[in-house]
Amino acid sequence: MNQNRDEFLEKPLLEMDEEDSEEVEVEADSYIEDNSEKPFDPEKIRVDVKPISVGQMVTMLNDENNRVPQINLDPDFQRRQIWNERKRKSLLIESLMLRIPLPVFYVYEDEESRWHVVDGLQRMSTINDFIKGKFYLSDLQYLKHLNGKKFDKLDQKYVNRIETTTLTINVIDATTPPQVKYDIFRRINTGGIPLNAQEIRNSTASNKTRNFFKELTGLESFKKATGSMPDLRMQAQELILRFVAFYLNYDYKNNDIKYKKSMDNFLDKAYESINKLSNQELQEIVKKFDSAMINADLLFGRYAFRRTTLEELESNSSSLRSINKSLFTCISVLLTYYENEIRKNTIIDNELLRKIAFEMQKNSSYEEAFSKGTGDYGRIKIQFNETKKIFDEVLLNVK
């Protein structure tokens with residue numbers, strides 16, 4: 001794993017309450033302000049336009065020979081995006097029967113020529129579900145006489161109109177460089193419920209990488225340390241990605257971090273690196289993460305990864321703040337370097353927790369590093385530097 005770290009250097013409980021909203025908004029602003037990386041080479045953009053009929057689309061989605069479908073509507077990374085309202089679905093089908101053109105679809109074509117839907121998942125899923133008889137029409141605006149009917153009960157003229165409708169598919173070629181892919185996805189990610197950054201990353205991940213993140217989110221140690229945090233909109237997976245990205249980029253000996261100036265780009269590149277790791281290397285990360293979560297629960301209990309004041313600790317209030325993403329990243333990564341010291345302690349009290357709370361109360365720059373501009377390199381340095389000092393003082397008795 002050390003070799004892979006060197007290679008990489010070269011290349012709700014996470015609630016959106018007032019505290020977390022502030023943190024996310026500041027981070028988003030910092031990405032925009034710090035746009036110093038070179039824009040992608042336009043010559044490397046490979047997007048081909050491929051018109052197909054609805055009938056062809058359905059065939060590609062439902063292979064009758066039990067082979068892998070040519071179009072991937074993988075619910076593993078986008079199931080929460082599917083439309084639930086029957087009226088919205090019905091109006092889309094009515095548009096097909098009225099011969100109203102639909103907006104373009106965007107897909108990513110992998111090395112095996114499979115299409116992974118990036119923009120248009122809801123529309124494509126709705127059409128496929130209707131043809132497969134999964135819902136009936138309702139609340140139609142013009143073809144009201146068709147309300148209550150499923151696909152197999154429609155007049156043939158409407159069946160023909162649906163099946164022969166031409167869909168315009170913009171196909172992002174597999175040879176497009178990873179960072180260009182992510183930039184394109186963010187630009188075209190406008191239809192329906194927009195995908196967030198982690199859902200975009202996952203839309204082009206290998207099955208091995210998806211299984212890796214599912215394994216990590218399913219760890220009992222992670223659930224216990226975070227209070228069974230749900231993976232709604234892949235928030236849990238992004239949290240774990242932050243751990244992996246900084247774990248691979250953190251130089252404990254020199255207390256240094258190889259960090260690019262945009263958190264989104266940094267995590268994008270980390271994701272691409274994870275895609276290339278072997279199963280053995282991925283399992284090594286699983287072990288480190290599992291150990292870090294076990295020790296986080298041991299040292300911090302229900303306060304793990306939450307900014308907490310001394311007063312809150314004294315009152316032992318039943319209410320808890322939300323998990324702070326930066327605190328999660330910093331503490332979880334550092335814990336991988338103190339496993340032996342933690343095991344040596346037969347009695348674990350709340351000294352480390354109290355020390356961090358005290359330091360945040362006393363040192364405004366330390367507190368602000370976890371609450372304002374958290375994606376800034378200077379803030380990240382403070383997060384790791386000051387927290388490492390606290391760890392050394394409490395766990396190694398170094399002052």
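Is Arg379 buried, partly exposed or exposed, and what is its relative accessible area?

Arg379 is partly exposed, with a relative accessible area of 23%, where buried means under 20%, exposed over 50% and partly exposed in between (1.4 Å probe, protein chains only). This is a predicted model, in which local features need pLDDT of at least 70 and side-chain atom pairs count only at pLDDT 80 or more, while totals for chains, interfaces and linings use all residues. Residues are numbered from 1 along each chain as its sequence is written, and side-chain values use heavy atoms, with hydrogens and water left out.

Arg379 forms a salt bridge with Glu368, and their closest N and O atoms are 3.7 Å apart; a salt bridge is a side-chain nitrogen of Lys or Arg within 4 Å of a carboxyl oxygen of Asp or Glu. Because Arg379 lies in helix α20 (residues 377–395) and Glu368 in helix α19 (residues 364–369), the pair ties together parts that are 11 residues apart in sequence. Helices (H or I, at least four residues) and strands (E, at least two) are DSSP runs, numbered from the N terminus.

## An enclosed strand

Strand β4 (residues 115–119) has 5 of its 5 residues buried, so this strand is largely enclosed by the rest of the structure. Strand β3 (residues 105–109) runs antiparallel to β4 and is joined to it by 4 bridges, while strand β2 (residues 71–72) pairs with β4 in the parallel sense over 2 bridges; two strands pair if DSSP finds at least two bridges between them.
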